[in-house]
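Please look over the model shown below. The report that follows treats its aromatic residues, its helices and its backbone in turn.

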Amino acid sequence: MEFVIEKVLPNGLGRVGVIKTAHGEIKTPAFMAVGTRGYVRFISADDLHELGAQAMLSNGYHLRRQAAKIAKAGGLAEWKPLSFDQPFPFTEPAASRPVVTGETCFDRSPLVAKSSEERESLFKAYELRPDGLPAKSWQGPTLTDSGGFQVMSLGSGLGKVVSMEKERHVTNTAHKERLAHVSEDGVSFIDPFDGEPDFIGPEESMQIQCQIGADIHMAFDELTSLADTYEYNIEAMQRTERWAERSLREHLKHRDDLGYRQNLYGILQGGRWEDLRRQTAQNLAKMRVDGAGFDGFGLGGAFLKEDLGEILRWCNEELPIEKPRHLLGLSHPDDILIGAEMGADTFDCVAPMREARHGKIYTRNGNINLRKFADTGETLDQSCDCTTCKAGWTRGSLRAMWRSGDAEKKAKYYNLASIHNLRFIVRLTEEIRKAMLGDYFDEYRREFLAKYYTEA
RNA sequence: GCUGGAAUCGUCUAGUGGCAAUGACAAGAGACUGUAAAUCUCUCGGCUUCGGCCUUCGUAGGUUCGAGUCCUACUUCCAGCA
């Protein structure tokens, strides 16, 4: 993998570049679409390319049981993730669903068909999804996460929102005992889908990721939550560094297994503390196994919004300039702007797609809640160049599809809205890139933020 | 015309003597950042100095300390018989 830096901002941190992978180039700064299970929900590979997505991020944890199959297909970029025979939509409630086998890939959904007719019609709806069945392979640059995030989301963060703001008592599911436990070896967890106990450590994560064969892999790490103490963050960070070395060692054994070079990023943790962040950045930067170091770095953690820029500055001042950096899991425009300014090259996040599904639509003048636009004939965003807006879909009609009880219409709404929000964020990164190259980044950011955050 | 049955908060619905009244949908507000998320939380008769107060279960009476619940009449709807 090659990383070419085309330009550096006057602050010495932000930059424009190109990451060259075995499956294509990523012009940075860039936003990667999240396709946890190997596909982006409700968005086809064709749609993804059309809206300018340059790379897809999947998750080794979620794909661990399909890893061998993916390797056989030639790696994530070639894999067709969905097939007609999957048990979806379910005919029984989540609790009574059968154990998922290695052959089965499915989308987490509480959707339950009450009759075989309904199941049939739901199937039909899903077949009509643009990313429908059978899916096309993505065929572009890919990245996989190690499963480190799940250490937190199934462990200490279970049932909580991974919020950058203060903890709000929002839960998605009834709070149960944590499903993941961390030890020096790795993480023991209960698979939330089937209740089966399982284990992933650095070696397992690397073996899985090298079979999945994304262009970029993440070292196995432990993400702490905002509630964790300084002391615990030291412990978790140091463990993450030890895991990073084990990850690197295992990765080197398998990185060419699929016939092309796979790359590994080391992940920086350390919470919101400057000493930890700088220290871990230095440690990971100089880490070597048989003379080989990391190909890039992941910037991880749960952040308070106001701390993000500072934390990234601490990290990136210590990291080698010539290696690419991925800011994990953030995509709100202010986060991307500060991230790019402070030297993050790539980004990923579920928010654009998830929020689209939940009716939050991004516009240049701020986000809108689609619920409030029952009767309007305007498009989602007049200045948007996404296919949804260009096709003339109105807020009113999209709202009607969203609120409709018809699964087919809903699925279509999810597709159209997801494309819109994702395009909005991808376009933001494209514009940041242009602005940096054209020496007007500060002006661009000021104008964008003024419009985006002042109007309702 | 007779005999049964039914009328509840936008809709459907629970409720058989202590009820401002169940659940679902709809509606409204909010959340969501390396996806246990087509999810989750809150509101959903009116007013409130948050302790309550007022008005509500087709209409009008009645029994009762107390009635959505029991009784009588009426109105409307449904079913069966004519």
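An α-helix has 3.6 residues a turn, so residues three or four places apart point the same way. The search of the whole structure gives 13 aromatic pairs, a pair being two rings of Phe, Tyr or Trp (its six-membered ring) with centres within 6.5 Å, counted as stacked if the planes are under 30 degrees apart, edge-to-face if over 60 and tilted for the rest. With ring centres 6.1 Å apart and planes at 35°, Tyr 444 and Phe 448 are therefore a tilted pair.

The rings of Tyr 452 and Tyr 453 have centres 4.6 Å apart and planes at 90°, so this pair is edge-to-face. Tyr 452 is buried at 4% relative accessibility, whereas Tyr 453, at 42%, is partly exposed. One aromatic cluster takes in Tyr 362, Phe 424, Tyr 444, Phe 448, Tyr 452 and Tyr 453.

## Helix α13 and the chain as a whole

Helix α13 (residues 407–437) has 31 residues and spans 45 Å from its first C-alpha to its last, close to the 45 Å expected at 1.5 Å a residue, the expected span being 1.5 Å times one less than the number of residues. Of the 31 residues of α13, 23 are buried, which leaves the helix mostly covered. Asp 439, with a positive phi near 60°, follows α13.

Chain A comprises 14 helices and 16 strands, and 56% of its 456 residues count as buried. Residues are numbered from 1 along each chain as its sequence is written, and chains are lettered from A and ligands numbered from 1 in the order in which they are written. Because the model is predicted, local features need pLDDT of at least 70 and side-chain atom pairs count only at pLDDT 80 or more, while totals for chains, interfaces and linings use all residues; side-chain values use heavy atoms, with hydrogens and water left out.

## Packing of α6 against α7

The axes of α6 (residues 230–254) and α7 (residues 274–286) come within 11 Å and cross at roughly 10°; axes are lines fitted to C-alpha atoms, for helices over the stretch in contact, and angles run from 0 to 180 degrees between N-to-C directions. The two helices, α6 and α7, are therefore roughly parallel, a term for angles under 35 degrees. Contact, meaning heavy atoms within 4.5 Å, involves residues of α6 including Tyr 230 and Met 237, and residues of α7 including Leu 276 and Leu 284.

## Backbone features

Most residues other than glycine have a negative phi, and most peptide bonds are trans. The peptide bond from Thr 28 to Pro 29 is cis, with omega near 0°, and Pro 29 lies in the loop between β3 (24–28) and β4 (30–34).

Phe 42, although not a glycine, has a positive phi of about 65°; Phe 42 is placed in the loop between β4 and α1 (45–50) and is buried, with a relative accessible area of 6%. Asp 290 has a positive phi near 50° and lies in the loop between α7 and β12 (296–299), where Asp 290 is exposed, with a relative accessible area of 76%.

Note on methods
Helix = DSSP H or I, 4+ residues; strand = E, 2+ residues; numbered from the N terminus. Parallel < 35°, antiparallel > 145°, perpendicular 65-115°, else oblique. Buried < 20%, exposed > 50% of the residue type's maximum accessible area, 1.4 Å probe, protein only.
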